[in-house]
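Here's a quick briefing to read with the model open beside you. Take a look at it first, then come back for the notes.

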Amino acid sequence: MSKQQQQQTKIVFKQAKGTRSRKSKTTDGFTKKERSPLDDVSLAEPSSASDRRLNHLAALESFDHDSSFGPSTGISRLERWERARKFGLNPPVKIKGILDRNASDSEFTESVWNGYNL
């Protein structure tokens with residue numbers, strides 16, 4: 001490897017090391033990002049209707065598991081979303097959109113905890 005290639009490699013490596021998210025924290029050598037579980041759910045346009053349905057159900061399941069919006073047992077997803085908004089918990093607007101578009105489908109309206117006697 002020539003000296004010019006070595007210098008270019010060093011520059012690229014230094015640039016890559018400097019690309020870190022502003023919201024990240026380093027503790028004990030590990031980088032932790034402040035994120036919501038809903039950040040991992042993508043609602044980009046999927047290739048088919050079945051993919052879209054699966055993506056939306058995954059987003060709703062993540063919403064059910066996210067305790068920052070209050071308890072999700074014994075209440076519909078829409079009631080929980082509205083309660084969270086009422087108390088200033090800022091529930092995701094994309095969840096409200098999914099619920100509004102699928103209001104007649106119980107797979108969308110009821111939480112994953114529906115049917116369990118908790």
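Predicted model: local features only at pLDDT ≥ 70, side-chain atom pairs only at ≥ 80, totals over all residues.

Residues are numbered from 1 along each chain as its sequence is written, and side-chain values use heavy atoms, with hydrogens and water left out.

**Helix 2 against helix 4**
- The axes of helix 2 (residues 49-65) and helix 4 come within 10 Å and cross at roughly 120°; helices here are DSSP runs (H or I, at least four residues), numbered from the N terminus.
- Axes are lines fitted to C-alpha atoms over the stretch in contact, and angles run from 0 to 180 degrees between N-to-C directions.
- That makes helix 2 and helix 4 oblique to each other, a label for whatever is left after under 35 degrees (roughly parallel), over 145 (roughly antiparallel) and 65 to 115 (roughly perpendicular).
- On the helix 2 side, H56, A59, L60 and F63 meet I95, I98, L99 and R101 of helix 4, where contact means heavy atoms within 4.5 Å.
- Sorted by class, this contact of helix 2 with helix 4 has six nonpolar residues, one polar and one charged. Nonpolar covers Ala, Val, Leu, Ile, Met, Phe, Trp, Tyr, Cys and Pro, charged covers Asp, Glu, Lys and Arg, and the others, Gly among them, are polar.

**Helix 2 against helix 3**
- Helix 2 and helix 3 pack at about 55°, with their axes 11 Å apart.
- Helix 2 supplies L60, E61, F63 and D64 to the contact, and helix 3 supplies R77, R80 and W81.
- By class, the contact of helix 2 with helix 3 has three nonpolar, no polar and four charged residues.

**The core**
- The largest nonpolar core has 11 residues: L57, A59, L60, F63, F69, W81, A84, I95, I98, L99 and F108. Such a core is a set of buried Ala, Val, Leu, Ile, Met, Phe, Trp, Tyr and Cys residues joined through side-chain atoms within 4.5 Å.
- Helix 2 gives the most to this core, with four residues.

**N90**
- N90 is in the loop between helix 3 (77-86) and helix 4 (93-101).
- N90 counts as exposed because its relative accessibility is 65% (buried is under 20%, exposed over 50%, partly exposed in between, with a 1.4 Å probe and protein chains only).
- Leaving aside residues up to four places away in sequence, N90 touches F69 and A84.

Definitions and conventions:
Helix = DSSP H or I, 4+ residues; strand = E, 2+ residues; numbered from the N terminus.
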